[in-house]
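Here are some notes for a first look at this model. Please keep the sequence and the structure side by side as you read.

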Amino acid sequence: MDVSIRFRREMDKGLCRDTNPTAAVKMLPTYVRSTPDGTEQGEFLALDLGGSNFRVLLVKVMADGEQKVEMENQIYAIPEHLMRGSGSELFDHIADCLANFLEKLGIKDKKLPLGFTFSFPCQQTKLDESVLVSWTKGFKASGVEGKDVVSLLKKSIKKRGVRTGTNACYMEQMRNLEVLDGDEGRMCVNTEWGAFGDDGVLEDLRTDFDREIDAGSLNPGKQLFEKMISGMYMGELVRLILVRMTKERLLFQGKTTAELLTTGSFNTSYIYAIDNDRDEEGLASAEKVLRGLSLDPSVEDCIATQRVCQIVSTRAAHLCAATLVAVLRQIRDNKAAEKLRTTIGVDGSVYKNHQEFSRRLHKMVRRLVPDCDVRFLQSQCGSGKGAAMVTAVAYRLAAQQAERQRILDTLRLSREQLLDVKKRMSEEMVRGLSKQTHEQTSVKMLPTYVRSTPDGTEHGDFLALDLGGSSFRVLLVQVQSGKRHKVDMHHKIYSIPQEIMQGTGEELFDHIVYCIADFLEYMGMKGTSLPLGFTFSFPCHQSKLDQGILLRWTKGFKASGCVGQDVITLLKAAVRRRQDFDLNFVAVVNDTVGTMMTCGYEDPKCEVGLIVGTGTNACYMEEMQNIELVEGDVGRMCVNMEWGAFGDNGELDDFCTQFDHIVDNCSNNPGKQRYEKMVSGMYLGEIVRNVLMDFTAKGLLFRGKLSERLKTRGIFETKFLSQIERDRLAMRQVRSILQHLGLTSSTCDDSVLVKEVCSVVARRAAQLCGAGLAAVVDKIRQNRNLNQLSITVGVDGTLYKTHPHFSSIMQETLQDLAPQCRVTFQKSEDGSGKGAALITAVACRMKSEGQH
Ligand code: 0WK
Ligand code: BGC
């Protein structure tokens, strides 16, 4: 347990950017970001150098769902002189072996992708570039350390025309890999745990025998952990112990032999034979081995030798278990999982040929982490197949990434395209203001009859209704005049059930009046008749402040018998039907106008109102001379743009993607509100869901397995976009959202992709909104013949307020497309109900002053 904890500390040192350079356990990023998902296919060559054999392989991967892999391979020797000769000789030899293999298989002319298993510590900067840090395991070829082994191999292959250590790798969370940029997804980390202890953390456990082995090795002071547990050294450990015991007359009557005194004479494979669960057989092997060393062992000598083998092998297995457990704990903590269920792929001659070693390793791992369900899977085909699979995965990832980016690129807008959106919005604004083209235009530029802003003399109690956003509010707004004019508000939120939104107009307005009655009751104001301001957030044609003819429903509302009607009349009729109280209807305003007024009360420079919520829209103070639908040329009037309908005449068709068309066709107002359907909260989740479905159908996501829940319209709520992009822990957040959507077997890569889709969709929405706003503020600047305009925009809406990046991307786009306008954004904290009450207060003040 203590060794395991020490190793976990070393792992953290290796992962941490500051301590990595001095860490003994290097935790090397491998740029392997994914594991096979069964769709890989193709023929791959593989070289496997660094184990006890050098192998060249041809690996055929079939994507027939059975994950079948066919392999042909050839083992080649790496003579000692090449292991210790010059690097170019070594790589030339590897290239010769490869050529020989291709020759044998008659595939010399085929250009196949190659995966290279190079089992030495390497610093990687990308999947196909790997710089050798230091040789281990008896290799010491010159001119290779510090070089990229792939380039050396390429050079040799161009010119022309693969002993046993220990190590482990695992899939680490990118956010823990401080030496690399990027927080998302996972990457395989090559721990190079052979070097554990090189910084002295195992000194109290190392024995003189370990120190003797190290002193006699090719790389003293290096790979100290490897020298305590791996096959290259276990035999030598046993030999040194036998020599010491012999010299202390504990064995072989104190008589050593030249063979026994020869380094490397006690092969690690002897341990496999001596230390096995059939003691008799083991003792016989011990005798045979000792006689092989010209010793004349007694039975006791054989028993002692067997015991020494058991102890050396047990220590190796247990130390290996300790470090393995540290890795398992790291993975479990990364997953924040109670119980970790995982499989460990194992290879290497010690594990394969020494049953007692693997038995002891499994047993100790299960003792150290009883709460982990660990399966050991022995690799049958060597890591050459693994290298081929890594290559196959890299190819699959590259192909899939290309296809994903091709699709996502349709949702990415260039600066030129955004400038074009701004220009088209400006043209539609002018057409909307013009009597001639108003009827045809998509952006209706509706006069609101709000001409002045509060001057601080307003006072009194006002009732306000706020309908059209994600919630319906009834408010009592108390306005106090004078220097420190202030507004107190009480409000209650009510829901508008779907069946009321899509029922009859009578039901809807009766429900509104029911809520007003409940509010007056709640406020103890039953029977009070207060001036009322009605924020009605839908496109209305107004010819005066207290009249609003509904042009069409938006945002999921579809109550019958309302379109073409004056909503104030409909409300009055409902109040009459209830015969419970009376109201003094003074104003009906759009939520953008209410928001502008609410913010304008604090900041007189606020002359634009913006909503980015369930729907989207903007209003601003336009010059009367430009509003041809209203008499008069003096002063300004607030215009409700109803920009949500921008694009309804095809102005945005060349920016619309297949996903936008699907969302529009499935909406309850196809062909309408096209701009809104690319920008606002009611639709972004649906766009994302359709992209995810398309990716899944193409096998680019969720392994092509679509969940029933993901097929459900509206299931991917827009709030998920904000949550997913919110913070560093997004991956775990994404995971829980995907689980909620029935995608329980989604992978980390799936989470990364879902997050990317969310950010692309949200980014486009914010940019489109910024382009629209750039058209508005630049129009105001041109209206006033200003070179520089400084103005405030009052903004409200759940998407703008809750999405972590929407506002900043929108402001960046606005700044870029309207550089002569310095725009300040003021979030409306009190909603547009306050604004409606203020407009009512102004109207009442003007009426009392006899102004009309
Ligand atoms: C709060 C305003 C309301 C407006 C809403 C829009 O008081 O008038 O309709 O913001 O945001 P949503 O609720 O649609 O996200
Ligand atoms: C409506 C606008 C409203 C906007 C924001 C749009 O769907 O047409 O009137 O201002 O949503 O709520």
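1. Start with helix 16. Its buried residues are G505, L508, F509, H511, I512, V513, C515, I516, A517, F519 and L520. Buried means under 20% relative accessible area, exposed over 50%, and partly exposed in between, with a 1.4 Å probe and protein chains only. The model is predicted, so local features need pLDDT of at least 70 and side-chain atom pairs count only at pLDDT 80 or more, while totals for chains, interfaces and linings use all residues. Residues are numbered from 1 along each chain as its sequence is written, chains are lettered from A and ligands numbered from 1 in the order in which they are written, and side-chain values use heavy atoms, with hydrogens and water left out.

2. What covers those buried residues? The cover of helix 16 includes strand 13 (460–467), strand 14 (472–480), strand 15 (486–494), helix 15 (498–501), strand 16 (531–536) and helix 17 (567–578). Contact means heavy atoms within 4.5 Å. Helices (H or I, at least four residues) and strands (E, at least two) are DSSP runs, numbered from the N terminus.

3. Helix 16 spans residues 505–522, 18 residues in total. From first C-alpha to last it reaches 25 Å, close to the 26 Å expected at 1.5 Å a residue. The expected span is 1.5 Å times one less than the number of residues. G524 follows the helix, with a positive phi near 65°.

4. Four strands form it in the order 4-3-2-5; it is open and its pairing is mixed. Strand 4 (69–76) and strand 5 (114–118) are the edges, each pairing on one side only. The twist averages 15° from one strand to the next. Two strands pair if DSSP finds at least two bridges between them.

5. Strand 3 (residues 54–61) and strand 4 run antiparallel, joined by eight bridges. V61 has V69 of strand 4 as its bridge partner. Helix 3 (residues 87–105) lies across strand 2 (42–49), strand 3, strand 4 and strand 5, at about 130° to strand 4. Axes are lines fitted to C-alpha atoms, for helices over the stretch in contact, and angles run from 0 to 180 degrees between N-to-C directions.

6. Which residues come nearest to ligand 2? They are T554, K555, D591, E642 and E676, out of 15 around it. Near means that a heavy atom of the residue lies within 4 Å. A side-chain N or O atom of E642 is 2.5 Å from a ligand 2 oxygen. For a polar side-chain atom of N590 the distance to a ligand 2 oxygen is 2.8 Å. F538 uses a backbone N or O atom, 3.3 Å from an oxygen of ligand 2.

7. Ligand 1 also has 15 residues around it, with D466, S470, T614, T798 and S832 closest. The side chain of D466 places an N or O atom 2.5 Å from a ligand 1 oxygen. For R473 the corresponding side-chain distance is 3.1 Å. D591 has a polar side-chain atom 2.8 Å from an oxygen of ligand 1.

8. Check two phi values. Most residues other than glycine have a negative phi. K555 is not a glycine, yet its phi is positive, about 55°. K555 sits in the loop between strand 18 (549–550) and helix 17, and is buried at 7% relative accessibility. S294 has a positive phi near 60°. The loop between helix 9 (279–292) and helix 10 (299–335) holds S294, which is partly exposed at 43%.

Terms used: A polar contact is a pair of N or O atoms within 3.5 Å; within protein, one must be able to donate a hydrogen and the other to accept it, and residues adjacent in sequence count only if both atoms are side-chain atoms.
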